[in-house]
Amino acid sequence: MSEKNRATPLLDELEKGPWPSFVKEIKKESERPMVRDLLGLLERSYEEHIGHWKHGGLVGVMGYGGGVIGRYSDLPEEFPEIAEFHTYRVNQPSAWFYTSDALRTLCDIWDRHGSGLTNMHGSTGDIIFLGSKTEALEPCFADLTEAGFDLGGSGSDVRTPSCCVGPARCEWACYDTLEACYDITQTYQDELHRPAFPYKYKFKFAGCPNDCVASIARSDMSVIGTWKDNIQIDQEQVREYAAGGTDIEAEICEMCPTGCITWNGEQLVIDNSECVKCMHCINVMPRALKPGKERGATILIGAKAPIIGGALLSSVFVPFLEMEPPYEDLKELAEAIWDFWGEYGKNRERVGEFIQRVGLGNFLEEIGLDPVPEMVAHPRTNPYIFFDEELEEDEDE
Amino acid sequence: MSQPTVEEVADAMYDLVKATHGKKNLKAMDLTKAMIEKFGDDAVDKKLCKLAIRQLIDSGRCIYSYFGGSFITLPPDEDSGG
């Protein structure tokens, strides 16, 4: 039985101050036995400076290998209500748009089957339900599917794809991120629910190079909106910005990473052939500048956060891809990568690490992608790369 | 060798999972590679193995587990010998 009035002096410290406090929020639900034990266990961890959770194991719902993360306390006798405290990952709607009715439905389901505690949202983007007993897993899953929700990914599978708000609320979106995210989620249900990879594989869809979902830092396959033609300029609006106090020379021209913008007090000129799509000028003068009209996405591969090994940013694989349903080229690339990495990747080796191990040249050859200059992140840093023609010339000499 | 059915591949996978249970964790790709080796790459491919794994899991004969990676293993009751 959980103790009703367990003292939590260390956690109480986290309620002080004007900022939001997860302790304060959890305590609002402390009438629930699971929540009381959770607070008790957390206090204990703070006292002892060690965690008391084990994770993984055999829990899940029938037919799925992802979506439920088994969690067990190593102090089950002391905190019996949270001896099992499994986490659900529920696949979020594209760009996290909900009706209030959908939110109520989710909360009602979780009130019936679990601790009532949620995390909206997890770092991959899923709706997180925190704290379920094993016996409640299947009934909760049944209620979720009845309400039109499904579990997301966990383990060695496609993780729940996520996207920025895209054209739903942002005029800079260079493709429909919500549609692409939904399409990929539906297409790869098997890969999402039935882990078959060496490790996780994340898709993230960003509508423009601002990359509001941080795909370049977190996803194995980053799909970042871009354009091929010229930045659209409204010169009248540029002059209004100048008249309103924007120092265009200092704030725009001098901040341009390639120095491709000039301003003579009347006209803004952009040498688009030198533009690297950093979005700075567009961000500073949104009423005057817009991405071009010939829009699509750049596909980058290989990012990961530093859980195992160091962090990696993703690298350009396809400089420009038209992003129209059914996204055949994108899917073809993803499947070619899975085929090679799936067969030769080591357990817990992300695609980015795999590429480092086998070499980019070998990787490209195996997935059937031709090398292009845009793939070169730092030119002329490796003296051991030669062009075939150069080698032939040397041999002739 | 003639092409085995999905059921035959699933049975062979199950036998392998059972034989290695408690000794080695097998991933989906481990099972796939083992089946290609057993039946030959002209008789079995990744697609067929994927269908066999689906059948193995959906029938409840095997389940997914997570031990620092996702593996395919026996359900808990068989695990305990029951």
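Visitor: Let's begin with chain B. Which way do the residues of strand β1(B) point, and are they buried or exposed?
Guide: Strand β1 of chain B covers residues 63-66. I63(B) and S65(B) point one way. Y64(B) and Y66(B) point the other way. All of them are buried. Keep in mind that this is a predicted model.

Visitor: What does β1(B) pair with, and in which sense?
Guide: With strand β2 of chain B, residues 70-73. The sense is antiparallel, over 4 bridges. In one of them, Y66(B) has S70(B) in β2(B) as its partner.

Visitor: How many residues sit between β1(B) and β2(B)?
Guide: There are 3, and the two strands form a hairpin. G68(B) is in the turn, with a positive phi of about 70°.

Visitor: Now a hairpin in chain A. What do β5(A) and β6(A) have between them?
Guide: 6 residues lie between those two strands. The turn includes G125(A), whose positive phi is about 120°.

Visitor: How do strands β5 and β6 of chain A run, and how many bridges join them?
Guide: They run antiparallel, joined by 4 bridges. β5 spans residues 117-120 and β6 spans 127-132. T118(A) has F129(A) as its bridge partner in β6(A).

Visitor: Zoom out. How many helices and strands are in chain A?
Guide: Chain A has 15 helices and 15 strands. Its C-alpha atoms fill a box of roughly 80 × 60 × 40 Å along the principal axes. Of its 397 residues, 48% count as buried.

Visitor: In what order do the 5 strands of the open sheet in chain A come?
Guide: The order is β7-β8-β9-β14-β15, with mixed pairing. β7 (162-163) and β15 (315-321) of chain A are the edge strands, each pairing on one side only.

Visitor: And how do β8 and β9 of chain A run?
Guide: Parallel, with 4 bridges between them. β8 is residues 203-206 and β9 is residues 221-227. F205(A) stands opposite V223(A) in β9(A).

Visitor: What holds strands of a sheet together as pairs?
Guide: In general, strands pair through backbone hydrogen bonds.

Visitor: On to the surface. Which residues gather in the patch of negative charge?
Guide: D247(A), E249(A), E251(A) and E254(A). E251(A) belongs to helix α10 of chain A, residues 248-253.

Visitor: What about a nonpolar patch? Which residues make it?
Guide: L10(A), L14(A), F22(A) and Y46(A) make one of about 330 Å². L14(A) sits in the loop between α1 (9-13) and α2 (22-27) of chain A. L14(A) is partly exposed, at 32% relative accessible area.

Visitor: Back inside. Is F363(A) buried or exposed?
Guide: F363(A) is buried, because its relative accessibility is 0%. F363(A) lies in helix α14 of chain A, residues 360-367.

Visitor: How far apart are F363(A) and E251(A)?
Guide: They are 112 residues apart in sequence. In space, the gap is 41 Å, C-alpha to C-alpha.

Visitor: Last one. Where does I355(A) lie?
Guide: In helix α13 of chain A, residues 351-358. I355(A) is buried, with a relative accessible area of 11%. Its C-alpha atom is 28 Å from that of Y182(A), 173 residues apart along the chain.

How values were computed:
Residues are numbered from 1 along each chain as its sequence is written. Chains are lettered from A and ligands numbered from 1 in the order in which they are written. This is a predicted model: local features need pLDDT of at least 70, side-chain atom pairs count only at pLDDT 80 or more; totals for chains, interfaces and linings use all residues. Side-chain values use heavy atoms; hydrogens and water are left out. Patches are made of residues with over 30% relative accessible area and no salt bridge: like charges are joined within 9 Å, nonpolar side chains (Val, Leu, Ile, Met, Phe, Trp, Tyr) within 5 Å. Accessible areas come from the Shrake-Rupley method with a 1.4 Å probe; for residues, only the protein chains shown count as cover. A salt bridge is a side-chain nitrogen of Lys or Arg within 4 Å of a carboxyl oxygen of Asp or Glu. Lys and Arg count as positive and Asp and Glu as negative; His and the chain ends are not counted. The place of a charge is taken as NZ of Lys, CZ of Arg, CG of Asp or CD of Glu. Buried means under 20% relative accessible area, exposed over 50%, partly exposed in between (1.4 Å probe, protein chains only). Two strands pair if DSSP finds at least two bridges between them.
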